[in-house]
Amino acid sequence: MVETAKRDDRNGVRTADASQPGIDAPVDLDQAVIVALGCNDKGVWSSCREALEAALARFRSEGIDILARSSWWSSLAWPDPQDPPFLNGVALVRTDHDPHALMATLGRIEDAFGRQRSVRNAPRTLDLDLIAYGRLSGDMEGLILPHPRAAERRFVMGPVAEIAPDWVHPTDGRTALDLAASTSVGRDAHAI
């Protein structure tokens with residue numbers, strides 16, 4: 001399901017368009033909680049797409065409601081393009097979890113999907129990153145928000161721009177659409 005963003009001129013709030021099935025109401029993009037998903041090792045699943053869809057299906061039981069989600073995006077592995085290619089996407093979510101509790105929950109989901117943390121940037125069955133939690137920014141007891149490298153990655157900013165092009169990066173000040181156009185990592189990423 002692909003959502004677009006628009007501005008509600010009555011109150012100046014950037015919102016995600018709720019015209020698509022499954023979206024209850026417009027979402028204030030200044031309060032957006034954005035989670036990135038990635039996979040380049042299908043593990044026990046028949047494909048990375050199946051693994052990512054199963055991860056999204058698990059969100060609700062973990063107290064994470066999906067408000068909008070991007071298409072899946074394909075890209076070469078980074079930094080080693082010899083590794084299997086990645087499938088990535090993002091979800092705009094609502095949760096009662098604070099940022100630290102949400103990160104712990106995402107870690108539990110990764111573990112349940114067989115995520116092994118061996119070598120940095122090694123192939124992985126599931127990679128879940130908290131990209132933004134509203135307008136929070138800075139080092140929050142070891143959790144840095146927004147995600148410190150997301151703005152450089154087309155495989156993150158492309159999907160964010162797909163569902164919320166008017167989302168503004170909390171520290172950079174540029175929109176997701178502008179960031180997607182100027183990323184330096186994963187320039188080959190494209191929606192499939």
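Let's start with a charged pair: Arg 115 and Glu 110 join their side chains in a salt bridge, at 3.2 Å from N to O. A salt bridge here is a side-chain nitrogen of Lys or Arg within 4 Å of a carboxyl oxygen of Asp or Glu. Before going on, keep in mind that this is a predicted model, in which local features need pLDDT of at least 70 and side-chain atom pairs count only at pLDDT 80 or more, while totals for chains, interfaces and linings use all residues. Residues are numbered from 1 along each chain as its sequence is written, and side-chain values use heavy atoms, with hydrogens and water left out.

Back to that pair. Glu 110 is buried, at a relative accessible area of 4%, and Arg 115 is buried too, at 16%. The word buried stands for under 20% relative accessible area, exposed for over 50%, and partly exposed for anything in between (1.4 Å probe, protein chains only). The pair also belongs to a network of salt bridges that links Glu 110, Arg 115, Arg 124 and Asp 127.

For a contrast in setting, look at Asp 172 and Arg 174, whose salt bridge has its closest N and O atoms 2.7 Å apart. Asp 172 is partly exposed at 36% relative accessibility, and Arg 174 is partly exposed at 34%. Across the whole structure, a search turns up eight salt bridges.

Now over to helix 1, residues 48-59. Helices (H or I, at least four residues) and strands (E, at least two) are DSSP runs, numbered from the N terminus. This helix has twelve residues and spans 17 Å from first C-alpha to last, close to the 16 Å expected at 1.5 Å a residue; the expected span is 1.5 Å times one less than the number of residues. Its buried residues are Cys 48, Ala 51, Leu 52, Ala 54, Ala 55, Leu 56 and Phe 59. Their cover includes strand 4 (33-39), strand 5 (64-69), strand 7 (86-95), helix 2 (99-112) and strand 8 (127-133).

Zoom in on Ala 54 in this helix. Leaving aside residues up to four places away in sequence, Ala 54 touches Trp 45 and Phe 113, where contact means heavy atoms within 4.5 Å. Ala 54 and Phe 113 are 59 residues apart along the chain, yet their C-alpha atoms are separated by 9.2 Å.

What about the cysteines? Cys 39 is buried with a relative accessible area of 0%, and Cys 48 counts as buried at 17%. The structure holds zero disulfides, a disulfide being a pair of cysteine sulfur atoms within 2.5 Å.

Finally, the cores. In soluble globular proteins, nonpolar side chains tend to be buried together. A nonpolar core is a set of buried Ala, Val, Leu, Ile, Met, Phe, Trp, Tyr and Cys residues joined through side-chain atoms within 4.5 Å. The largest one has 27 residues, and those with the most contacts inside it are Ile 34, Leu 92, Ile 131, Val 156, Met 157, Val 160 and Trp 167. Two or more residues each come from strand 4, strand 5, strand 7, strand 8, helix 3 (154-163) and helix 4 (176-182). Helix 3 is the top contributor to this core, with six residues. Apart from this core lies another, of 26 residues, including Ala 54, Phe 59, Ile 109 and Leu 143.
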